Amino acid sequence: MSNHGRRGSTRGFTCHFNTFAGAAVVAVLLAACGGGGGSDPPGATSQSASTPANDPPDPWASAQAQVSNFGGPATVVQPSVVATNSVCSTLGTCAPGGVRLDENCSAQAVVCGPAGVAVDASGNVYVAGGNAIYRFTPAGAMSIFAGGVSAGYADGQGASALFDAPQGMAFDANGNLLIADSGNNVIRKITPGGTVSTVAGSSAEGNADGTGMAASFSEPVDVAVDARGNIFVADGGNSAIRKISTAGAVTTLAGGQKASTFTWPTGVAVDPSGNVIVMDFGAHKVLKVTQAGTVTTVAGTGSAGSADGAGNVASFGSTGPYDPLHAAIQYGAAGIVVDKLGYMFVVDRGNNEIRMITPAGVVSTLAGQPGQTWGTANGPGSGALFDTPAQIAMDANANLYVTEDGNSDVRMLTPVQAH
């Protein structure tokens, strides 16, 4: 699509997380180690480290996904339905701990419009929703880790910090949570103790390289961290992959406003060899960027579709007709995560599916049904239904966690051997 069209879509995605909500995000989470955005926290196996020769086969190699709600059932409320609960009818909280900004927040929603997701080494699950970062303990107790109801930009401790539509997240090797603060055009860091600071960027939208606040981004949507501590950013508004060194120096690794390398990168991860894997949702492709900035296609023809198979024939993205109910959220974040053996797991948002790509580039569908088959059904493989899935994380036991815009919930995908 054109740059103008893509920018408009990116804006639509950012607004969705401030506006739309669906059903309940569940609060009872499993004790598991892991991370989001293509990196693992301390205690989990690093995706950027060399893979030992005696590693067991990947649990997903001959499996399909068993999909469940994260701890309990969800009640689907379509994004266009105005909530009738009085608590949700005005700005403010819409449920205990829930946050909403505009309208259409379901009274059942624990987190309205969940976006990024990550798992720490102690099994706590972090979800970005509204303008807050929520933390769920393995026992299911929820608290606001940082941020709150109001959109804004302020560093500080816990709830005194302010965010504006935070999106993709990832843990670094020290247990810090890195966040693409999309509405503020910055990358933020939250220490294990809850102290929020700005790693790079300023509130002014731009495309400048530089160190710290001298650099600028345009609606960053996802982050990943490599084994050396470098941060990689899917800079959606700039159609670029940016790199932040451990010293805070921001450079453009690939793409940019004057290049045609990417259309709309929304997901970023790091593979075992240190390559940056990119979900270019706008181009219907998964791409690989070396540390030198060379870009190649892993999978996808560049045309919308839902075909499985070898990378050069597989396709991503819906070919369904325009649907006014989902139009405002259909072009949101589409994440990706890579495991320690190089298997890639992609949120195919347009098809309401979760796809897997082997290290050899072969694409298969783990769960969901292609096209405009929205829903919230659990079950194995194609028996499961999603509603505009967004971001994805993996724990040390290879379970996948997927946030959904249309259902405002978190789903868990467990590998089960195919029969």
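In the predicted model, strands β9 (residues 177-181) and β10 (residues 186-190) run antiparallel and are joined by 5 bridges. Within this pair, Asp181 stands opposite Val186 of β10. The two strands belong to an open sheet of 5 strands, arranged in the order β7-β11-β10-β9-β8 with antiparallel pairing. The edges of the sheet are formed by β7 (156-157) and β8 (166-171), each of which has a single partner strand, so one side of each is left without a neighbour in the sheet.

Strand β9 also contains Ala180. The relative accessibility of Ala180 is 0%, and the residue therefore counts as buried, the limit being under 20%. A separation of 8.8 Å is found between the C-alpha atoms of Ala180 and Gly116, which are 64 residues apart along the chain.

The structure holds 9 salt bridges. In one of them, the side chains of Asp209 and Arg242 meet at 2.9 Å, N to O. Asp209 lies in the loop between β11 (195-200) and β12 (210-211), whereas Arg242 is in strand β15 (residues 240-244), so the pair ties together parts that are 33 residues apart in sequence. Asp209 is partly exposed, with a relative accessible area of 40%, while Arg242 is buried, with a value of 0%. Arg242 forms a salt bridge with Asp235 as well, and here the closest N and O atoms are 2.8 Å apart. Asp235 is likewise buried, at a relative accessible area of 0%.

A further salt bridge links Asp348 to Arg355, with 2.7 Å between the closest N and O atoms. Asp348 is buried, its relative accessible area being 0%, and Arg355 counts as buried at 0% relative accessibility. Asp348 and Arg355 are also part of a network of salt bridges that includes Asp308 and Glu353.

The largest nonpolar core comprises 19 residues, of which Trp60, Phe345, Ile392, Leu400 and Leu413 touch the most other members. At least two residues of this core are supplied by each of the strands β2 (63-69), β23 (344-348), β24 (353-357), β25 (362-368), β27 (389-395) and β28 (400-404). Another core, of 17 residues, lies apart from it and has Ile277, Phe281, Ile336 and Val346 among its members.

Key:
Residues are numbered from 1 along each chain as its sequence is written. This is a predicted model: local features need pLDDT of at least 70, side-chain atom pairs count only at pLDDT 80 or more; totals for chains, interfaces and linings use all residues. Side-chain values use heavy atoms; hydrogens and water are left out. A nonpolar core is a set of buried Ala, Val, Leu, Ile, Met, Phe, Trp, Tyr and Cys residues joined through side-chain atoms within 4.5 Å. Buried means under 20% relative accessible area, exposed over 50%, partly exposed in between (1.4 Å probe, protein chains only). Helices (H or I, at least four residues) and strands (E, at least two) are DSSP runs, numbered from the N terminus. A salt bridge is a side-chain nitrogen of Lys or Arg within 4 Å of a carboxyl oxygen of Asp or Glu. Two strands pair if DSSP finds at least two bridges between them.
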